[in-house]
Amino acid sequence: MNTGYSEDLHHLWWLVLACVTGVLVYFLSPILTPFLLAAVIAYICNPIVSFLTESRISRATGTVLVMLLLLSTFAALILIMVPLFEKEAGRLIEKIPDYLEMLRNHVIPWVETRFGVSLQLDINMLKQHWQSAGGVAARILPSLTSGGMAIVEFLTNLLLVPVVLFYLLRDWDKLIKHMDEMIPRYWHRQINILARETDRILAEFLRGQLAVILLMSICYITGLWLVGLEFALPIGLLAGILVFVPYLGMIVGLTLATFAALMQFQDWNEVIPVWAVFGFGQLLEGMVITPWLVGDRIGLHPVMVIFALLAFGQLFGFFGILLALPVSAVLLVWLRHIHQQYLESNFYHS
């Protein structure tokens, strides 16, 4: 009996530790973002650094090489994507007057006939406002101090990430060893089991989710390009990136693509192929790609996924949205073990 209650006491300490950790995360959330993001990137890149170390390259040199590889990849993506998006934005700006004319000649008459209301659209006035929008924004921008501070904070976090990442990658093995030595021997076996399961789940999820995003982006961009949609690149890329939120990528992409198709073709019959692209993409993602690459490795309900994204976004801002699902995967593994311990405890059976 005493042994049972002693085990319950250890479980109580676990609960207290979790509560203290949660309170610290809440109060330190404004400064934790770059550290968490750097830790996730370091976790992903550590196998590469370890491989280089096994090839008789020093840990520090391997870390520098991996960071240079990451920087080169990021720079290459920017150099490729920015001109493409700039071209798409230029085409959109050029077509704004045509879209306004289409609204006046087709959409507004349909709305007036359908709902019995009277709408007036002054095209010349809208064009003048569109041309002067840049000057107005330039005059307003200096007064947006809160927005300026948000940008400064974002840039600070962005610059802090590579610094933290370097030290984490260089000293990863030492940090893991120190953490292992700090664990009480009574908990050591249980925590090792938990750590191995967490490592397996997180590694599989991150690789699978990145592959899903890449494949779905290619699928949507290619499909929209084949049906002749002018803005296939930005819409397809956005829909592909947002697939990590259940149904959000499809809903956002379908809405934007439908609007763009109506503006471009001005015929509902031409919109049907666009809908077919997203219908096929949703079936491909739900029945083939996600089960194959991700499966039920996390097991989070779609509602919990949305809650996790909102909660982490509230705590850590934009980076929190990126961190939400991998951190939730880790927390879910821990909660499963806590739940199992609770079911086996004397407190549950008493």
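Hi everyone. Rings of Phe, Tyr and Trp (for Trp, its six-membered ring) pair if their centres lie within 6.5 Å; planes under 30 degrees apart are called stacked, over 60 edge-to-face, and the rest tilted. By this rule, our structure has 2 aromatic pairs. One of them joins Phe 166 and Tyr 167, and it is edge-to-face, with 5.3 Å from centre to centre and 80° between the planes. If you are new to this, a pair of aromatic rings is described by the distance of the centres and the angle of the planes.

Before I go on, a word on what you are looking at. This is a predicted model, where local features need pLDDT of at least 70 and side-chain atom pairs count only at pLDDT 80 or more, while totals for chains, interfaces and linings use all residues. Residues are numbered from 1 along each chain as its sequence is written, and side-chain values use heavy atoms, with hydrogens and water left out.

Now the overall picture. The protein chain has 11 helices and 0 strands; both are DSSP runs numbered from the N terminus, with helices being H or I of at least four residues and strands being E of at least two. Of its 350 residues, 30% count as buried. Buried means under 20% relative accessible area, exposed means over 50%, and partly exposed is in between, using a 1.4 Å probe and protein chains only. The accessible surface of the chain is about 22700 Å², and 72% of that belongs to carbon and sulfur atoms; these areas come from the Shrake-Rupley method with a 1.4 Å probe, and for residues only the protein chains shown count as cover.

What about contacts, meaning heavy atoms within 4.5 Å? Among contacts with a separation of 6 or more, 70% come from residues 24 or more positions apart.

Phe 166 counts as partly exposed because its relative accessibility is 22%. Tyr 167 is partly exposed too, at 44%.

Let's go inside. A nonpolar core is a set of buried Ala, Val, Leu, Ile, Met, Phe, Trp, Tyr and Cys residues joined through side-chain atoms within 4.5 Å. The largest one here has 51 residues, and those touching the most other members are Leu 169, Tyr 220, Leu 224, Leu 229, Ile 235, Ala 257 and Phe 278. Helices that each supply at least two residues include H4 (145-170), H6 (185-226), H8 (248-265) and H10 (302-344). Which helix gives the most to this core? That is H6, with 9 residues.

Leaving aside neighbours within four places in sequence, Leu 224 is in contact with Leu 229, Ala 232, Ile 235, Gly 236, Ala 257, Val 274, Val 277 and Phe 278.

Gly 208 is found in H6. Is Gly 208 buried or exposed? Gly 208 counts as buried, because its relative accessibility is 4%. Its C-alpha atom is 7.8 Å from that of Thr 290, which is 82 residues away along the chain.

Leu 214 also has its place in H6, but Leu 214 is exposed, with a relative accessible area of 54%. From Leu 214 to Val 243, 29 residues apart along the chain, the C-alpha atoms are separated by 10.0 Å.

Ile 221, again in H6, is partly exposed at 22%. Ile 221 and Leu 237 are 16 residues apart in sequence and 6.5 Å apart in space, C-alpha to C-alpha. Beyond neighbours within four places in sequence, Ile 221 is in contact with Ala 232, Leu 233, Gly 236 and Leu 237.

Next, helix H8. Its buried residues include Gly 249, Gly 253, Ala 257 and Ala 261. H8 is followed by Gln 266, which has a positive phi near 55°.

Another positive phi, about 65°, belongs to Arg 56, which is not a glycine. Most residues other than glycine have a negative phi. Arg 56 lies in the loop between helix H1 (2-54) and helix H2 (59-115), and it counts as exposed because its relative accessibility is 83%.

Finally, the cysteines. The structure holds 0 disulfides, a disulfide being a pair of cysteine sulfur atoms within 2.5 Å. Cys 45 is buried at 5% relative accessible area, and Cys 219 is buried at 17%.

Terms used: Contact = heavy atoms within 4.5 Å.
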